[in-house]
Amino acid sequence: MSIRIRFSLEPKKKIFSGFTWNSQSAELMVKDLAKKMGYQCFRIEGMLLVQLCPEGYIWFNWNKRKLQGESQTNIAGPGFHSAVVEFLEEAAREKKLKLRVEDRTGYFIKRDFLAMRQKYFYQWFSDLMDLVSGWSEKGEYMFCWPAIYYVPSRQEGKLITHIRSFSFKEIAGMVHSGMSVAFAKDFFVWNDLQKDARYYRNSAMVLLNQSCYFMPSQRSTQDVYVNQKIIELLEKAYIMDPDIPFPHKTYLNICALDSHTPMEMKSVNLMDIEDSIGCRKYLVYRKIGNMSFALPGNFLYDEEDNSAMDHYYDGRDYGGHDYYIYAAVFAGREAEFKPQWFEQGKPEEIMDFELNNAKVRVAFYEPEEKPGETRYGVSAQVLYKDQRMNINIVSRKPGEKDWALELIKSIRITE
């Protein structure tokens with residue numbers, strides 16, 4: 001159902017002067033071109049990745065003296081599809097490479113952008129809406145969500161996409177009215193050949209929906225980056241087209257979080273879907289082994305913690321919570337509770353219960369006095385088959401026992 005471009009790049013001749021063709025030179029070529037064209041480039045899972053826009057990636061892999069790869073374009077949109085072709089052609093032109101492209105839309109050969117957009121992208125979106133309109137509210141609740149990202153919490157009566165949540169009622173109305181093309185312009189990040197106002201506004205909405213913590217910029221460098229990038233994109237969109245439907249309430253909120261003076265706007269065409277933007281306003285789920293665990297969406301991941309445990313936190317001045325977690329697998333035998341795990345303080349209460357076919361033990365400790373603060377600690381272990389998940393939760397204010405317990409009870413078996 002997806003729309004893809006597959007490609008390969010290789011020298012036109014086996015030997016030619018001025019350019020050595022190997023995996024290192026090919027990677028350098030891609031990185032240099034990405035920098036020249038203003039795109040991001042990085043490595044992930046052994047492959048080279050170029051990001052042209054939010055949700056728009058090209059994957060590169062070295063194989064048998066060829067630089068091969070692909071790009072799934074149906075989420076980012078037809079403008080991105082065209083930009084991928086442009087990037088590949090520029091790489092081939094600079095180094096005199098042979099470019100082979102598999103593009104079922106026919107755009108690589110015909111270069112008819114309007115026909116490609118109408119026949120393939122708008123039709124794909126219309127088919128998707130038809131499909132989703134028949135889904136049950138109790139069934140699947142996500143589509144076009146980044147596969148390697150966190151999993152958002154279910155939102156009652158809504159389907160979650162990369163750019164915002166759509167209510168089932170809204171989707172049904174879209175399908176029955178035949179207005180899916182109008183909605184497609186707000187669904188695809190890059191809908192036209194050029195980066196127009198809608199492109200910048202939609203790029204901001206992807207950041208708002210997936211990445212924004214809705215926390216003050218002074219909390220962390222992550223908050224600074226995402227808040228300021230959203231402001232930059234929204235203001236650019238408004239300057240290009242003051243009549244574009246605009247998430248004004250959200251814009252003012254992010255400006256306040258960044259201590260940024262809002263742009264003066266003589267008039268604003270208000271969007272009426274602002275409450276549907278922002279998955280990090282709720283719990284989010286991450287996976288370890290055969291279990292998923294929940295976190296408040298505004299928690300940050302501590303990239304500098306080199307211990308065995310993953311560390312998530314909200315900042316001492318913004319709640320004072322720490323969440324530590326890791327898992328162990330015991331091949332060939334059932335996981336068991338480790339008594340020493342519950343000796344990290346003086347237990348006030350230890351409880352055992354079952355959760356989704358898993359066994360759980362939780363210990364609540366007496367408050368621990370530290371310089372300048374009081375810590376309230378919780379330890380837990382969750383056992384399922386051969387996996388043991390180990391959890392520590394630290395709070396810095398009383399009365400959050402139930403809060404911590406609910407986080408532990410939200411663990412899901414995901415095998």
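## Rings, strands and helix faces in a predicted model

Arg164 lies over the face of Phe166, 4.0 Å from the ring centre. A charge sits over a ring here if NZ of Lys or CZ of Arg is within 6 Å of the ring centre and within 35 degrees of the ring normal. Arg361 lies over the face of Phe337, at 4.2 Å from the ring centre.

This is a predicted model, in which local features need pLDDT of at least 70 and side-chain atom pairs count only at pLDDT 80 or more, while totals for chains, interfaces and linings use all residues. Residues are numbered from 1 along each chain as its sequence is written, and side-chain values use heavy atoms, with hydrogens and water left out.

**Aromatic pairs**

The structure holds 23 aromatic pairs. The rings of Tyr326 and Trp341 form an edge-to-face pair, because their centres are 6.0 Å apart and their planes stand at 70 degrees. Tyr326 lies in strand 16 (residues 322-329) and Trp341 in the loop between strand 16 and strand 17 (347-355), so the pair ties together parts that are 15 residues apart in sequence. Rings of Phe, Tyr and Trp (its six-membered ring) pair if their centres lie within 6.5 Å; planes under 30 degrees apart count as stacked, over 60 as edge-to-face and the rest as tilted. Helices (H or I, at least four residues) and strands (E, at least two) are DSSP runs, numbered from the N terminus.

Tyr326 is partly exposed, at 25% relative accessible area. Trp341 counts as buried, at 11% relative accessibility. Buried means under 20% relative accessible area, exposed over 50%, and partly exposed in between (1.4 Å probe, protein chains only).

Ring pairs also build a cluster from Phe121, Trp124, Phe125, Phe143, Phe166, Phe187 and Phe188. Phe166 is the ring that Arg164 lies over.

The arc is that of the directions from the helix axis to the C-beta atoms.

Helix 10 (residues 401-409) buries Ala404, Leu405, Leu407 and Ile408. These residues fall within an arc of 155 degrees, so they too line one face of their helix. The face turned away from the buried side of helix 10 carries the exposed residues Asp402 and Glu406. An α-helix has 3.6 residues a turn, so residues three or four places apart point the same way.

**An enclosed strand**

Strand 13 (residues 291-296) is largely enclosed by the rest of the structure, because 6 of its 6 residues are buried. Met291, Phe293 and Leu295 point one way from strand 13; Ser292, Ala294 and Pro296 point the other way.

Strand 13 has pairing partners in strand 12 and strand 22. Two strands pair if DSSP finds at least two bridges between them. Val284 has Leu295 of strand 13 as its bridge partner. Met291 has Ile413 of strand 22 as its bridge partner. The hairpin of strand 12 and strand 13 has 2 residues between the strands, and Gly289 in this hairpin takes a positive phi near 60 degrees.

| Strand pair | Sense | Bridges |
|---|---|---|
| Strand 12 (residues 283-288) and strand 13 | antiparallel | 6 bridges |
| Strand 13 and strand 22 (residues 412-413) | antiparallel | 2 bridges |
| Strand 4 (residues 56-63) and strand 5 (residues 66-72) | antiparallel | 5 bridges |

An open sheet of 6 strands has the order 2-3-4-5-1-6, with antiparallel pairing. Strand 2 (40-44) and strand 6 (97-103) stand at the edges with a single partner strand each, so one side of each is left without a neighbour in the sheet. Within this sheet, Asn63 has Lys66 of strand 5 as its bridge partner.

Most residues other than glycine have a negative phi. Arg111 is not a glycine, yet its phi is positive, at about 55 degrees. Arg111 is found in the loop between helix 3 (107-110) and helix 4. Arg111 is partly exposed, with a relative accessible area of 37%.

Asn357, also not a glycine, has a positive phi of about 70 degrees. Its place is the loop between strand 17 and strand 18 (358-365). Asn357 counts as exposed, at 71% relative accessibility.
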